[in-house]
Amino acid sequence: NNMPSPSSSFFTILVLSFFYVSFSGDPFVSYDWTVSYKSVSPLGVKQKVIAINGKFPGPTLNVTTNWNVVVNVKNDLDESLLLTWDGVQHRKNSWQDGVLGTNCPIPAGWNWTYEFQVKDQIGSFFYFPSLNFQRAAGGYGGIIINNRAVIPVPFGYPDGDITILLSDWYTKSHKDLRKDVENGIDLGIPDGVLINGLGSYRYDDTLVPSGISYQIINVEPGKTYRVRVHNVGISTSLNFRIQNHNLLLVETEGSYTVQQNYTNMDIHVGQSYSFLVTMDQNASTDYYIVASPRFVNSSWARATGVAILHYSNSQGTASGPLPSLSDQDDPYFSMNQARSIRWNVSAGAARPNPQGSFRYSDITVTDVYVILNRPPELINGKWRTTLNGISYLPPSTPLKLAEQFKILGVYKLDFPNKLMNRPPKVDTSLINGTYRGFVEIIFQNNDTTVQTYHMDGYAFFVVGMDFGVWTENSRSTYNKWDSVARCTTQVFPGAWTAVLVSLDNAGMWNLRTENLNSWYLGQELYVQVDNPEIDNTEDSMPQNAIYCGLLSSLQNAEL
């Protein structure tokens, strides 16, 4: 492979891109990634993390709208691997999605090349390993999709771009954590919160041991930086804040937002935001950057991540208490904050026409699904989680391959529109999505913690959320004008969230909770979106597809 590695200079990648552009129209950019274990001690205890090219977190994928991305992944772990590109829509190409419904796992010792186009998208996303609870050990990194030069950005060009990856973290291995989940054992309080793979600054001698490496973000006074913040953790909602600095929200998961200042932002598992932060303080000291768990009691105090914002003219180290969060345990505050995030209807995003020219409130809803989740329960003697009473069982043959080869009996297109009056069961039950249909999905959370839901292949409009049980009358509260389009939404415990999604992207798409402990036990499903007309609405199966399950005999052992 003569493609440049991630360490190649930006100049080389640009030259490569323009070299390709003359042949294919859209540039290609290529990476070689080796995924392996690495021993580190982010919380002072030695443990194995999942690194990419020796880095934890992995490298940031920095591309531009419509670029073609080629990532050759070498799996040097001791178990199978898939990487998924959270928020990348893979237009017409679910073959590259990197989840069990679309891809056979990459066996240990093998390599496999992803190739996908970031078609008609901008914004801040991330990638992570989708199998075996591996995200709890790392393997994640940021994705930046820049605007094409011809599309104006709805704010001044920032002086720098900073990616911040937040994760609740345990010193237990991901293998031990998944065993606990299988056995119905609660994960308990995290041992810490990592910021870009590092532990906490020692803001409190009793809570933070000595000798911990922490993140320092160096900035220049008076400059404005775009700060992209992702919660790539396991199951903890985190509140993000920077001492004495406003967070001007400008984008979330590929949508430009109405620009509003926040002093802090709740970022739930799997969510991404970008803020403009202006370095307008006097730098008498450094400033705390804080990520603290939400809706928990004081026993969680040690699970707070703290990094340092350091001005080049800083007069001293940060000290004293962390910036407080007076509404620490108030989900109402958090829900009102979530409702305040609005779509910038006048800004263009990946295309020049304004985002708001897609008038979602004018489209007739074709299907309604009320999807209810519950806490883990025993089904046939095993701990499982369910959606509408069904716990998803991934078949040994990926759904997409079974569809391609017309293998019957691998899955059923019978996922119910609402909870049925029957015992919970384990099954492979899909939503039969109508191509170009417009679907209303209401997530009803009957668990005791925030659940976030993510849909691959799409952005959905988050039109409403409230506490209590959703009814048809709840529609009168929907935001019908400037609800933000994003790929991951929170659902508070004892509450509902409603989304609208236009099924214009043919393929096999995963709809899941991003909370790893719930997802691992079956809180997911797939939406099959087939165009009944035989045409080019979907890319064909990649030549390098791995075969497994009922198709194992087709696999060329030389791969």
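Find Y31, W33, W85, W112, Y114, F116 and Y127 on the screen: ring pairs link these residues into a cluster. Keep in mind, please, that this is a predicted model.

Let me take two of them in detail. As a reminder, we describe a pair of aromatic rings by how far apart the centres are and by the angle of the planes.

Pair one is F126 with F128. Their ring centres are 5.8 Å apart and the planes sit at 35°. Stacked would need an angle under 30 degrees, and edge-to-face one over 60, so this pair gets called tilted. Are these two buried or exposed? F126 is buried, at a relative accessible area of 1%, and F128 is buried too, at 0%.

F128 has something else going on. The charged end of R135 sits over its ring, 4.7 Å from the centre. You can find a lysine doing this sort of thing as well: K48 lies over the face of Y37, with 4.6 Å to the ring centre.

Okay, pair two: F405 and Y547. Here the centres are 6.0 Å apart and the planes make an angle of 75°, so we call the pair edge-to-face. Now, where do these two residues lie? F405 is in the loop between α4 (399–404) and β24 (425–427), while Y547 is in the segment after β33 (524–530). That's why we can say the pair ties together parts that are 142 residues apart in sequence. As for accessibility, F405 is partly exposed, with a relative accessible area of 32%. Y547 has 18%, and the cut-off for buried is under 20%, so Y547 counts as buried.

Last stop, the histidine I promised. H454 belongs to strand β27, residues 451–455, and its relative accessibility is 0%, so we count H454 as buried.

Key
Residues numbered from 1 in each chain as written. Predicted model: local features only at pLDDT ≥ 70, side-chain atom pairs only at ≥ 80, totals over all residues. Heavy atoms only, no water. Phe/Tyr/Trp six-rings, centres within 6.5 Å; stacked < 30°, edge-to-face > 60°. Buried < 20%, exposed > 50% of the residue type's maximum accessible area, 1.4 Å probe, protein only. Helix = DSSP H or I, 4+ residues; strand = E, 2+ residues; numbered from the N terminus. Lys NZ or Arg CZ within 6 Å of the ring centre and 35° of its normal.
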